[in-house]
Protein chains: 2
Amino acid sequence: TQAAIRIFRTFASFPTQLSLLSHSRLNLFTKTSSWRRFIRSTTTSTTTRMTTNSEVDDRSRKAQLVTNPQLRHQVEVVASRCFIYAQTASIHSSRVAGLFDYGPMGCKLKNNILQHWRNHFILEEDMFEVECTVLTPEIVLRTSGHVEKFEDTMIHDVETLKCYRADHLLEETIDKLLTNPKLSEAKRSNLKSLRAKADSLSIDELHENLQTLQAKFPETGNAISKPYPFNLMFSTQIGPTGKTRAFLRPETAQGIFVNFQKLLEENRGQLPFAAAQIGLAFRNEISPRSGLLRVREFQMAEIEHFCVDEKDEDYHPKFESVQNVQMCFRSQKVQEMNAETVEMTVGEALQQKMISKQTLAYYMARTQLFLTDIGIDPFRLRFRQHLKSEMAHYAKDCWDAEIFTSYGWIECVGLADRACYDLERHSEVSGTPLVVHAKYPEPKIVEQFKPIVNFGLVGKTFGKRSKALKEKLDSLNKQELEALIASIPEEGSVDLVTCDDRFSLVKGMITGIKLEQKKVHEYTFTPSVVEPSFGIGRILYALLEHSFWVRDESPAVAAAIAENSSEVTNASAANDIKPAKKSKKSKKAKKTANPKSDVVIRTVFKFSPLVAPTTCAIIALITKDPKMTDLTLKFRRKLTKLRISSSLDSSGAIGRRYARIDERGTSFSVTFDKRTLEDQTITIRERDTMEQVRIPIDEMPNILQRLSVLDLSWDDLKQTYPLIRN
Amino acid sequence: TQAAIRIFRTFASFPTQLSLLSHSRLNLFTKTSSWRRFIRSTTTSTTTRMTTNSEVDDRSRKAQLVTNPQLRHQVEVVASRCFIYAQTASIHSSRVAGLFDYGPMGCKLKNNILQHWRNHFILEEDMFEVECTVLTPEIVLRTSGHVEKFEDTMIHDVETLKCYRADHLLEETIDKLLTNPKLSEAKRSNLKSLRAKADSLSIDELHENLQTLQAKFPETGNAISKPYPFNLMFSTQIGPTGKTRAFLRPETAQGIFVNFQKLLEENRGQLPFAAAQIGLAFRNEISPRSGLLRVREFQMAEIEHFCVDEKDEDYHPKFESVQNVQMCFRSQKVQEMNAETVEMTVGEALQQKMISKQTLAYYMARTQLFLTDIGIDPFRLRFRQHLKSEMAHYAKDCWDAEIFTSYGWIECVGLADRACYDLERHSEVSGTPLVVHAKYPEPKIVEQFKPIVNFGLVGKTFGKRSKALKEKLDSLNKQELEALIASIPEEGSVDLVTCDDRFSLVKGMITGIKLEQKKVHEYTFTPSVVEPSFGIGRILYALLEHSFWVRDESPAVAAAIAENSSEVTNASAANDIKPAKKSKKSKKAKKTANPKSDVVIRTVFKFSPLVAPTTCAIIALITKDPKMTDLTLKFRRKLTKLRISSSLDSSGAIGRRYARIDERGTSFSVTFDKRTLEDQTITIRERDTMEQVRIPIDEMPNILQRLSVLDLSWDDLKQTYPLIRN
């Protein structure tokens, strides 16, 4: 259970989430003390099931996961209203699909996710960060194999010439067939298993299956072409001649590989080391879909960890620190047997040889910790091993961190063992050795056959040229030496030819062969590479779904609101504990409150303060007093100096302001009220519990800073400053 | 002088730089108390002059600026050795020009510059940050005018078809002609003035001048083609059909313009507001040159500030806070008169109407503060107004912040008044109104001619249709109404046709026209835009040159080193104040010290702690004691938790380690020595002064954090903890 607790450190370190969850899921978890039993029990208490395509539905049922069918729509509505993200150039009718802009809230959220990524990986693991160009000369991606192999298979409508992804068409054709109730059980099962591996079929297999199932082009119903490959890279021309081709990189990794020698030097020739890169990558998707999940331009955060050595590859110095992290695994075997996802510690998984390398296992655990840190629900997270057929051309072993969303399980992080593939290829093509020089722990004895030379005779015959002859002789192996000696005639000579010279050897010059031993201290090798690769946009979208919450729909919180219903339209009253003033304020607040705000659905993003777009909203209840304006502005400047993001909300009824603040996932709100002018105290409200405490204004900036980096929890704060009760 | 002091806040807040400079330039400044006199006096005390192309040389002479001719080469050598940046894919022979990767040190430096940019602009000015896609649909850049107008003029060799920029060829042709000593003074002067405006000539003017001067293609000497335009944008195809064209954005601004309506909504319909974007932009340079200064892929940080209103445009609420900032201006007038750069406060420049808008002036001052904050030398910084002929197609007024480097004055920040150009264009093409609704301070009276209608007769005749008739009549202007009334015959009727109906009007229905007055409360307008646009790569390169310093070559410091020469190879001795132990250590250090380190040139980057790639180097003098290893690792973890970047340097002689640390511009070094194990204290060394103090180990992390954000200066620290003296 210690390990299980570790997984939940997001909740543990941010107890307000804990208290929210205690009404529903986490309570069950605590009671049963077992994750598996927990997952089972949640499914019995829910009434809705996600409806999505059959394959995903299959998998999700196996994982016993459920989701609110309204969730995706609700998140999209709020994402649009708060401008979290939007389609690029949406005002223009000739915009294109698969491109998204991040608005202010999305941008802040993304920056905070990346900031934590930098801290969690680059700073804590002491990695080199680099930034290579997006425009990549053709030679780089030809060497890496992307020009030849980075492709999807497509078909087109033979009449309209419109294009479609072949595997998508196969999936959709199968989905249509499955709706036929008369289908035999055997056929249904066959179709389902074909659908599950649609994206790993070869071109020929796709062709065969599309023909067998008589697939037609969607929309038009026309006949389709034979499937053919389409390279997913965007290409462009560099310079005005039109002769220099370049690509927009499809991954950031190659930039690190071509700079390997410089990075190794910066690490003073030592292994292991890791280089990280955060940046854009591009894929020319044939038919982009699923919002932020399948786009043509996306941000990646990649790590290339260069392992110590083939012989020592199982070693990562910090593995012990993560070995008890509890994780969900879907290994190749589990998938092939169609068995249930397995839950165990990463240490156990490594012991069972489910994972190929300790370094890979280490990063899988670190990935799980990162994702749960920022707020990904650990119950909707699993690690799935790639099937042999779906592995990228460079990969030796590969696991995806998959997160469950309304689109089903989506790949958000790829963790690949790329072996030595890339470094060897770039070495070979560029002629620059990308290798590491290492010393043997103890000098190694190497045996070599050498000729026994009569140096007297050789020296007398060839003079200064003897040295070149000796070098040539030393370069021959046993067989060559034996042949040479045998070829020397009793009378006369045989010619030994080198690049620059010709030696006529006679009998007696080489008398035999001996075995020599030599001490070797150094060797060179190409390090193997473990690559964790994060899709930031996908993680951000999953985080939106996992953080989304409708306050009124949660029965426990709804009850709390019912008890304390004045809060919604009249939260300001709670700030004041003097009864006389309270009634006066209530009146005022009611006057300005929008009567409709009681029935509005109140959506909340329960972001951790670690990633919340805004840490603190500042509310002034008295707006026309210049003293108050002065106080709030001064307070805000202090927060800015401490790099705490804040928003100033000065219009509308207090209930509406809170609704706006909650909808944007702002962690805390501080309120300046009449009492502030009297005793220099302000209140702070926690978003999820709506609890408030009153604190001297001077202490607040520091408290907010500590809350925002999880150095202080809301529960701790409540211990020091008593809760304001209604 | 208060203003002048403000400019120097980098130095003031980081006194160690002050003390370094006091030996040379800043001393002169203090004595004369005048910036201009200061600049003059420095030129007399130097012996070397920058040699570069004549035009830049001209300008730099006018500005009385000098630079070490070795500087560029030296910076490039260190940049390569420390992997600050390197050409993309440099290991491959078919790499392309104009692309650069940032290594670990360059990446950290750039991240810190951007972090300060975010704090200085986005956080302090409360801007919206957005992140739009690099891939931009054609419609966006066609609307903005880039598809038609964003181009350079090029020529090609008529035989080899190789390309070259026409203005570069003209410049180089003139440079060659100017080397002729027999050239008349008049001709020389003409050529020089032609050269100065080469990049603002039209295609026809370029053609004429290239013909007149009989320009030939460089290298081959062949005849050249007529000049023709080349669009600088990289284009690509989206999707598999090959029909959807897109470009890599040449600026980040358009992404903000097309999202204007969403951002305005996020600001609740209010002006002014500003949106900022940090991201990549691309220009397909014809002949890239000058290292990091003219590249094909570069990072920009742009702000679009939407001004209040045409009538109030001169107003920026925070202008007062910067009005006394002292700056160097080269206005259009100054350039046309070939006069000297003018120095005054930004307030004075605005009063003289040198700058078009208060908002533009505000951002110019904020830009100067940002650049000097991060370490750009204020003496090598000026603001140059664009000539009418070189202004971009969208600009109404434009100033460049130019920084003096070994390449001459280079444009690093563009500050443009783009007026309403972009919003109006996107509005027009997309059909989406990109406007602001504003209320008049007092309702406005608008006069309108209305028909006098006999409603009894109309109602009786048309019944419910009367309403539509009334609307139609109200939409007619005075002339149309008069014509209509005149057309109604005495007997019979005339037909008035609307979209959905036809009304037969007879005499008596409309009896005349009256003038009506109406109160109007609201109006709509398109806000004008001020755009500060930062080229981060150029600023970074200028910062490298301005921060570069060879310790041994500065006479004052050289003298200091000479006095205290043991420091170089044996700095460790200084850590220990007990004589007995000192000698013992010196011996040990000498044994491992490389005897060559005394003669090596010691280069230093004197970065401010605000941007230094690494804040603190950790040095352990005793490497084999596990207690010591434990202490240093624990200390490092504490720094990591506080987000302080550190490096652990555990090999080589102490002098060599310091050399490595200085070369990388690491601000401070802390050393764990034998005494640390006894009394839990460590020493901290300041890079530029090489001064050291000893501090309890527990206090150090906090002190380092305060030093790194300039909340504490080295001078302050010396007050609390006495200097260690040798």
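Which residue lies over the face of Phe83(B)? Select Phe83(B) and look for Lys262(A), which lies over the face of that ring at 5.6 Å from the ring centre. (A charge sits over a ring if NZ of Lys or CZ of Arg is within 6 Å of the ring centre and within 35 degrees of the ring normal.) For another case, go to Phe121(B): the charged end of Arg366(B) sits over its ring, 5.9 Å from the centre.

Before going on, note that this is a predicted model, in which local features need pLDDT of at least 70 and side-chain atom pairs count only at pLDDT 80 or more, while totals for chains, interfaces and linings use all residues. Residues are numbered from 1 along each chain as its sequence is written, chains are lettered from A and ligands numbered from 1 in the order in which they are written, and side-chain values use heavy atoms, with hydrogens and water left out.

**Chain A as a whole**

Show chain A as a cartoon. Its secondary structure comes to 31 helices and 28 strands. (Helices, H or I of at least four residues, and strands, E of at least two, are DSSP runs numbered from the N terminus.) Of its 726 residues, 56% count as buried. (Buried means under 20% relative accessible area, exposed over 50%, partly exposed in between, with a 1.4 Å probe and protein chains only.) Among contacts in chain A with a separation of 6 or more, 71% come from residues 24 or more positions apart. (Contact means heavy atoms within 4.5 Å.)

**The nine-stranded sheet**

Select the strands β3-β10-β11-β21-β16-β15-β14-β12-β13 of chain A; in that order they form an open sheet with mixed pairing. (Two strands pair if DSSP finds at least two bridges between them.) At the edges stand β3 (128-129) and β13 (342-345) of chain A, each with a single partner strand, so one side of each has no neighbour in the sheet. Inside the sheet, pick β16 (residues 408-419) and β21 (residues 529-535) of chain A, which run antiparallel and are joined by six bridges. Ala419(A) has Val529(A) in β21(A) as its bridge partner.

Helix α8 (residues 104-123) of chain A lies across β3, β10 (273-282), β11 and β21 of chain A, at about 5° to β11(A). (Axes are lines fitted to C-alpha atoms, for helices over the stretch in contact, and angles run from 0 to 180 degrees between N-to-C directions.) Helix α18 (residues 358-374) of chain A runs at about 150° to β16(A), and the strands it lies across include β12, β14 (381-385) and β15 of chain A.

**Gln299(A)**

Stay on β11 (residues 297-306) of chain A and select Gln299(A), which is found in this strand. Is Gln299(A) buried or exposed? Gln299(A) has a relative accessible area of 13%, so it counts as buried. The side chain of Gln299(A) makes a polar contact with the side chain of Lys110(A) at 2.3 Å. (A polar contact is a pair of N or O atoms within 3.5 Å; within protein, one must be able to donate a hydrogen and the other to accept it, and residues adjacent in sequence count only if both atoms are side-chain atoms.) Leaving aside neighbours within four places in sequence, the contacts of Gln299(A) include Leu114(A), Ile278(A), Phe534(A) and, from the other chain letter, Glu131(B).

**Aromatic pairs**

Over all chains there are 46 aromatic pairs. (Rings of Phe, Tyr and Trp, its six-membered ring, pair if their centres lie within 6.5 Å; planes under 30 degrees apart count as stacked, over 60 as edge-to-face and the rest as tilted.) Select Phe329(A) and Trp399(A), an edge-to-face pair at 5.9 Å centre to centre with 80° between the planes. Phe329(A) is in β12 (residues 326-330) and Trp399(A) in β15 (residues 397-405) of chain A, 70 residues apart. Phe329(A) is buried at 0% relative accessible area, and Trp399(A) is buried at 0% too.

In chain B, Phe273(B) and Phe306(B) form a tilted pair, 5.1 Å centre to centre with 40° between the planes.

**A hairpin in chain B**

Finish with β8 (residues 235-238) of chain B, joined to β9(B) by four antiparallel bridges. Thr236(B) stands opposite Ala246(B) in β9(B). The two strands form a hairpin with five residues between them, and Gly239(B) in the turn has a positive phi of about 80°.
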